[in-house]
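My notes follow in the order I made them.

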Amino acid sequence: LDDFVTSLGEKPFRAAQLWRWMYHPESLAGTFEEMTDLSKAFRAKLENHSRVDSLTLNDTHVAKDGTRKITYKLDDFVTSLGEKPFRAAQLWRWMYHPESLAGTFEEMTDLSKAFRAKLENHSRVDSLTLNDTHVAKDGTRKITYKL
């Protein structure tokens, strides 16, 4: 996200502001106009170079240590493309599982060519950089990515 923001001529701190509007459950934005702490010029650049796609919030859990676990429904997006809901789990693995992050839709080899074509037409692959993976005593995996 830092690279994308700076490629638009903006300062790197704007990535954190944009991230909040994209992923923070209390402030998910459906349009660039709703991102009121971003300048009008930056919102215009975003409008010209990207789009707002939203996931449906599934659940938010706050652990004892204050860590927030947020889950989204990917199956809504997948079914909107005419695919069966189980395809969401396949897509999720390619998007977020550290051992199988895909850089292109072509790399998602267990998805049908037709589904990959739909994904190509309705979305894009943006890569996050893996920061750390931690397995807690209860088996919960905490994965952090760099913005």
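Predicted model: local features only at pLDDT ≥ 70, side-chain atom pairs only at ≥ 80, totals over all residues.

Residues are numbered from 1 along each chain as its sequence is written, and side-chain values use heavy atoms, with hydrogens and water left out.

Entry: salt bridges. I took a salt bridge as a side-chain nitrogen of Lys or Arg within 4 Å of a carboxyl oxygen of Asp or Glu. My search of the whole structure returned seven of them.

I looked at Glu33 and Arg43, whose side chains meet in a salt bridge at 3.5 Å, N to O. Glu33 lies in the loop between α2 and α3 and Arg43 in helix α3, so the pair ties together parts that are 10 residues apart in sequence. Helices here are DSSP runs (H or I, at least four residues), numbered from the N terminus. Glu33 is exposed, with a relative accessible area of 56%, whereas Arg43 is buried at 9%.

Next I checked Arg20 and Asp37, which form a salt bridge at 2.6 Å, N to O. Arg20 is in helix α2 and Asp37 in the loop between α2 and α3 (40-49), so this pair ties together parts that are 17 residues apart in sequence. I read both as partly exposed, Arg20 at 28% and Asp37 at 30%.

Arg87 pairs with Glu83, the closest N and O atoms being 3.8 Å apart. Both Arg87 and Glu83 are buried.

Entry: Arg14. I found Glu10, Arg14 and Lys45 linked in a network of salt bridges. Arg14 sits in helix α2 and is buried, with a relative accessible area of 16%. Its side chain also makes a polar contact of 2.8 Å with that of Gln17. For this I used a pair of N or O atoms within 3.5 Å; within protein, one must be able to donate a hydrogen and the other to accept it, and residues adjacent in sequence count only if both atoms are side-chain atoms. Not counting residues up to four places away in sequence, Arg14 touches Val5, Asp37, Leu38 and Phe42, where contact means heavy atoms within 4.5 Å.

Entry: nonpolar cores. I used the definition of a core as a set of buried Ala, Val, Leu, Ile, Met, Phe, Trp, Tyr and Cys residues joined through side-chain atoms within 4.5 Å. The largest has 12 residues, among them Leu74, Trp94, Phe105 and Leu119. Helices α5 (87-96) and α6 (113-122) each supply at least two of its residues, and α5 gives the largest share, three residues. I then picked Leu111, which touches Gln90, Leu91, Trp94, Arg116 and Leu119, leaving out residues up to four places away in sequence. A second, separate core of 11 residues includes Val5, Leu8, Met35 and Leu38.

Entry: Thr79. I placed Thr79 in helix α4 (residues 75-80). Thr79 counts as partly exposed at 36% relative accessibility. Leaving aside neighbours within four places in sequence, Thr79 is in contact with Lys84 and Pro85.

Key: Buried < 20%, exposed > 50% of the residue type's maximum accessible area, 1.4 Å probe, protein only.
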